[in-house]
Amino acid sequence: RDVVIVPEGPQEVAEVADSLNGLNRALAVSEARQREFLLSVSHELRTPLTSLRGYAEAMADGVVQPDQVASTGAVMVGESERLERIVADLLDLARMGAREVRIDAVATDVGPVLHEAAQVWSDLCAAEGVDFAAELPEPPQRLPTIVTDPVRLRQIVDNLLANALRMTPPGRPIVLAARGARDDGGEELLIEVRDGGPGLTDDDLSVAFEPAELYSRYRGVRQVGSGVGLALVGRLAQRLGGRALAGHAAEGGAAFLIELPLAGPPQVAEQAAAAGGGPRR
């Protein structure tokens with residue numbers, strides 16, 4: 001490792017030397033990304049752990065007054081839940097790489113799923129002083145029914161909104177939007193989360209869903225997460241038969257778009273086509 005081979009001798013030998021040099025460079029890049037990813041995840045885990053230890057020590061030392069026990073306990077529960085979410089995302093991300101994560105695709109009315117998410121995140125944003133808006137069709141208008149896993153769909157939306165809330169300062173907006181569309185590949189559902197945070201550069205867009213890439217670029221420069229959530233979003237979108245895209249938001253920050261085919265993941269769509277079925281509208 002870390003030895004550069006000088007391509008020389010017969011053409012076949014020189015080509016092997018070039019290939020080995022290329023492999024060495026690729027391994028170096030891969031290992032650097034792994035180190036950055038571990039560093040970023042360690043940072044994400046350390047913050048709630050430090051908070052939990054501090055509150056636990058305060059309670060053990062009798063610093064927390066009796067009338068403050070309930071509120072302190074609530075904070076500790078919140079930090080514990082944050083740790084649990086990070087660990088769950090890491091496990092899902094690992095399973096995505098091994099394609100072990102289960103996808104239960106069924107005909108899903110996405111309207112209620114997104115409206116429920118909007119209600120939850122509206123309250124969470126209000127608590128942080130962030131303006132939340134939902135651009136979703138109201139009854140009797142409906143979003144198209146899609147063959148998907150509603151639990152994984154909500155997971156995508158929650159991760160995108162959690163990332164947006166982390167990046168958006170008080171007084172700035174976050175928008176959750178959804179609509180049906182049609183392209184050359186057929187009908188699809190588009191879900192978009194836009195924010196008024198610092199946004200992304202053009203160069204950031206292609207790596208936004210890669211673990212630790214944005215963390216390594218902006219660590220120490222501005223508020224940034226580990227990238228676990230966005231990486232999971234990208235993998236989940238693929239498993240659901242769609243894709244995740246990053247862009248620039250009209251609100252001044254970042255925009256994340258999820259495109260999902262109404263027919264569902266490829267294997268589900270093929271089964272439905274063979275049976276003469278498809279998603280209901």
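The axes of α3 and α4, lines fitted to C-alpha atoms over the stretch in contact, come within 10 Å and cross at roughly 25°. That makes α3 roughly parallel to α4 (angles under 35 degrees, taken between N-to-C directions on a scale from 0 to 180, count as such). The crossing of α3 past α4 is right-handed (the near helix is turned clockwise from the far one by less than a right angle). On the α3 side, the contact (heavy atoms within 4.5 Å) is made by residues including Val113, Ala117, Val120, Trp121 and Leu124; α4 brings, among others, Leu153, Arg154, Val157, Asp158 and Leu161. Sorted by class, this contact has 14 nonpolar, no polar and 3 charged residues.

This is a predicted model, with local features needing pLDDT of at least 70, side-chain atom pairs counting only at pLDDT 80 or more, and totals for chains, interfaces and linings using all residues. Residues are numbered from 1 along each chain as its sequence is written, and side-chain values use heavy atoms, leaving out hydrogens and water.

Leaving aside residues up to four places away in sequence, Ile258 touches Ile156, Leu160, Leu189, Leu190, Ile191, Val233, Ala237, Arg243 and Ala244.

Then there is Asn21, placed in helix α1 (residues 11-60). Asn21 is buried at a relative accessible area of 9% (the cut-off is under 20%, with a 1.4 Å probe and protein chains only). Beyond four places in sequence, Asn21 touches Val3, Val4, Ile5 and Pro7.

How values were computed. Helices (H or I, at least four residues) and strands (E, at least two) are DSSP runs, numbered from the N terminus. Angles under 35 degrees count as roughly parallel, over 145 as roughly antiparallel, 65 to 115 as roughly perpendicular and the rest as oblique. Ala, Val, Leu, Ile, Met, Phe, Trp, Tyr, Cys and Pro count as nonpolar, Asp, Glu, Lys and Arg as charged, and the others, Gly among them, as polar. Buried means under 20% relative accessible area, exposed over 50%, partly exposed in between (1.4 Å probe, protein chains only).
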